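Please look through the structure shown below before reading the explanation that accompanies it. The text then leads through it step by step.

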Amino acid sequence: MGETPKTALHRLGSTTFKRPEISGAEPDECFYINNIDGVKGKKRLGPEDPGPDLVVEIDITRRSDDRFDIYSNLGVPEVWIYDGKSFTIKQLENQDYVVGNQSLYFPNLPLSEIAQFLKQAETMDYLELVKAFRSWVRSQISQ
């Protein structure tokens, strides 16, 4: 059996994205996957650089709805949102975000189970939770 190809990721964390023609946005986390070569090794991103491929928003204390226009203008294909209860994937289609049922970048990852890990953050030791989550992700991707 052939191995599943590994997806290369470049994490930029919480980075502010600004373009002169639009206001800025600062996602809780962001990742470059397809556009990794355009940003890897850079200390600062400019308006000419591509937007991230994947944005993660944690909407527990504030909602991210007002940032979707900005993400759309940046060309962000996928946004993951967790509101404390549920986990949602939104994908860019014709300049609008629609709910998706699987990730563009991790199609084998059962994303509905991610919310279960996120809920455990309230009761489980953080490092133990991260270790368990990473192990779970690896097992899902390698299937």
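The paragraphs that follow describe the overall build, the cores, the aromatic pairs, the charged pairs and a loop.

This is a predicted model, in which local features need pLDDT of at least 70 and side-chain atom pairs count only at pLDDT 80 or more, while totals for chains, interfaces and linings use all residues. Residues are numbered from 1 along each chain as its sequence is written, and side-chain values use heavy atoms, with hydrogens and water left out.

The protein has 3 helices and 8 strands. Helices (H or I, at least four residues) and strands (E, at least two) are DSSP runs, numbered from the N terminus. Along the sequence these elements follow the pattern β-β-β-β-β-α-β-β-β-α-α. Of the 143 residues in the protein, 38% are buried; buried means under 20% relative accessible area, exposed over 50%, and partly exposed in between (1.4 Å probe, protein chains only). The accessible surface of the protein is about 9,200 Å², and carbon and sulfur atoms hold 49% of that surface. Such areas come from the Shrake-Rupley method with a 1.4 Å probe, and for residues only the protein chains shown count as cover. Among contacts (heavy atoms within 4.5 Å) with a separation of 6 or more, 46% join residues 24 or more positions apart.

The interior may be approached through its nonpolar cores. A nonpolar core is a set of buried Ala, Val, Leu, Ile, Met, Phe, Trp, Tyr and Cys residues joined through side-chain atoms within 4.5 Å. The largest such core has 18 residues, of which W80, F87, F106, L109, L111 and I114 touch the most other members. Two or more residues of this core come from each of β5 (54–58), β6, β7 (87–93), α2 and α3 (126–141). Another core, of 11 residues, lies apart from it and includes C30, Y71, L74 and I81.

Setting aside neighbours within four places in sequence, W80 is in contact with L54, V55, V56, E57, F87, T88, I89, S103, F106, L109, L111 and I114. I81 lies in strand β6 and counts as buried, at 10% relative accessibility. Not counting residues up to four places away in sequence, I81 touches E57, D59, S64, F68, S86, F87, T88 and K90. I81 and I60 are 21 residues apart in sequence, and their C-alpha atoms are 9.8 Å apart in space.

Aromatic rings form a further set of links. A pair of aromatic rings is described by the distance of the centres and the angle of the planes. Rings of Phe, Tyr and Trp (its six-membered ring) pair if their centres lie within 6.5 Å; planes under 30 degrees apart count as stacked, over 60 as edge-to-face and the rest as tilted. A search of the whole structure finds 3 aromatic pairs. The ring centres of F68 and Y97 are 5.3 Å apart and their planes stand at 50°, so this pair is tilted. Because F68 lies in helix α1 (residues 68–74) and Y97 in strand β8 (residues 96–100), the pair ties together parts that are 29 residues apart in sequence. Both F68 and Y97 are buried. W80 and F106 form an edge-to-face pair, with 6.3 Å from centre to centre and 65° between the planes. This pair links distant parts of the chain, with W80 in strand β6 (residues 78–82) and F106 in the loop between β8 and α2 (114–120), 26 residues apart. Both W80 and F106 are buried, and W80, F87 and F106 form one aromatic cluster.

F68 also meets a charge: the charged end of K90 sits over the ring of F68, 5.1 Å from its centre. A charge sits over a ring if NZ of Lys or CZ of Arg is within 6 Å of the ring centre and within 35 degrees of the ring normal.

Side chains of opposite charge can pair when their charged atoms come close. A salt bridge is a side-chain nitrogen of Lys or Arg within 4 Å of a carboxyl oxygen of Asp or Glu, and a search of the whole structure finds 2 salt bridges. R67 forms a salt bridge with E57, their closest N and O atoms being 2.6 Å apart. Since R67 lies in the loop between β5 and α1 and E57 in strand β5, the pair ties together parts that are 10 residues apart in sequence. Both R67 and E57 are buried. D66 and R67 meet in a salt bridge at 3.9 Å, N to O. D66 is exposed, with a relative accessible area of 59%, whereas R67 has 9%. Salt bridges that share partners join E57, D66 and R67 into one network.

Lastly, N94 is located in the loop between β7 and β8, and has a positive phi of about 55° although it is not a glycine. N94 is exposed, with a relative accessible area of 75%.
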